[in-house]
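Subject: Structure handover

Hello,

Here is the structure I said I would pass on.

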Amino acid sequence: MSDVLIVEDLRRSFTQAGVTIEVLRGVNLRVGPGEIVALLGPSGSGKSTLLQAVGLLEGGFEGSIRIGGEEAARLDNDGRTRLRRDALGFVYQFHHLLPDFNAVENVVLPQLIHGADMPASRARADGLLDALGLGHRLSHPPSKLSGGEQQRVAVARALANRPALVLADEPTGNLDEATADIVFAEFLKLVRGEGSAALVATHNERIAAKMDRVLRLHDGHIE
């Protein structure tokens with residue numbers, strides 16, 4: 001089975017006050033089906049920039065990004081939106097839940113946007129949240145959930161549409177160590193159970209060691 005993600009010679013630079021800063025200097029990486037890969041590096045190393053590129057969230061990049069065999073550079077805006085919607089799930093450091101919707105509604109909504117019907121979306125959301133230990137918190141809005149619970153809802157939302165690849169940017173970075181360990185263990189269990197692949201940016205060596213493989217981003221290159 002072919003790789004879910006193939007990145008070749010990816011480059012990104014920014015110009016500030018007439019000075020060019022090269023953030024990514026020819027990054028190459030692959031993620032196989034069902035593989036959970038850590039992207040390790042200190043703050044400012046370009047991890048978020050790389051995930052933004054792979055997530056098709058902004059332009060300005062040079063190189064090749066293939067997701068599920070599709071070359072992103074060959075797609076127009078609508079094509080990139082479709083690929084993002086159909087193939088990718090996102091978990092950020094901050095949960096970004098919709099404050100006016102409760103936990104289950106936050107997981108139902110992306111499925112409805114994707115074209116699923118309400119009964120199927122609700123059943124899927126209930127199942128994911130129950131697997132994350134939130135079966136008793138379905139009707140609670142984000143403001144009534146703890147930080148760990150909010151991030152669990154964000155994980156369920158990322159997996160709602162059964163993405164081939166989950167992109168996670170410091171997914172436990174806002175949690176205390178004990179809560180982070182619990183939430184990340186649940187994240188790994190759920191992603192593996194769903195059969196999705198994942199690329200997880202972190203600066204935490206201990207969390208990185210729990211994944212299948214570790215890639216280190218240094219000076220704009222994967223070591």
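Lys210 has a relative accessible area of 36% and is partly exposed (20% to 50%; buried means under 20% and exposed over 50%, with a 1.4 Å probe and protein chains only). Lys210 forms a salt bridge with Asp181, with the closest N and O atoms 3.6 Å apart; a salt bridge here is a side-chain nitrogen of Lys or Arg within 4 Å of a carboxyl oxygen of Asp or Glu. Asp181 sits in helix α6 (residues 177-194) and Lys210 in the loop between α7 (205-208) and β9, 29 residues apart. Helices (H or I, at least four residues) and strands (E, at least two) are DSSP runs, numbered from the N terminus.

This is a predicted model, in which local features need pLDDT of at least 70 and side-chain atom pairs count only at pLDDT 80 or more, while totals for chains, interfaces and linings use all residues. Residues are numbered from 1 along each chain as its sequence is written, and side-chain values use heavy atoms, with hydrogens and water left out.

Salt bridges

The count comes to 18 salt bridges. One of them pairs Asp219 with Arg25 at 3.7 Å between the closest N and O atoms. Here Asp219 is in the loop between β9 (213-218) and β10 (221-222) and Arg25 is in strand β2 (residues 19-31), 194 residues apart. Another joins the side chains of Arg216 and Glu205 (3.0 Å, N to O). Arg216 lies in strand β9 and Glu205 in helix α7, so this pair ties together parts 11 residues apart in sequence.

Pockets

A pocket is an open set of points on a 1 Å grid over the protein atoms alone, where a 1.4 Å probe fits, with protein on both sides within 12 Å along at least five of seven lines; lining residues have an atom within 4 Å of a point. The largest pocket holds about 550 Å³ of space. Leu88, Phe90, Pro110, Arg157 and Asn161 are the closest to its centre among 17 lining residues. Helix α3 gives the most to this lining, with 4 residues.

The second largest pocket holds about 250 Å³. Of its 16 lining residues, Glu58, Phe61, Ile65, Ala72 and Arg80 are the closest to the centre. Strand β4 (residues 62-67) supplies the largest share of that lining, 4 residues.

Helix α1

In helix α1 (residues 47-54), 6 of the 8 residues are buried.

Regards

How values were computed:
Points joined across faces, edges and corners; volume = space filled by probe spheres on them.
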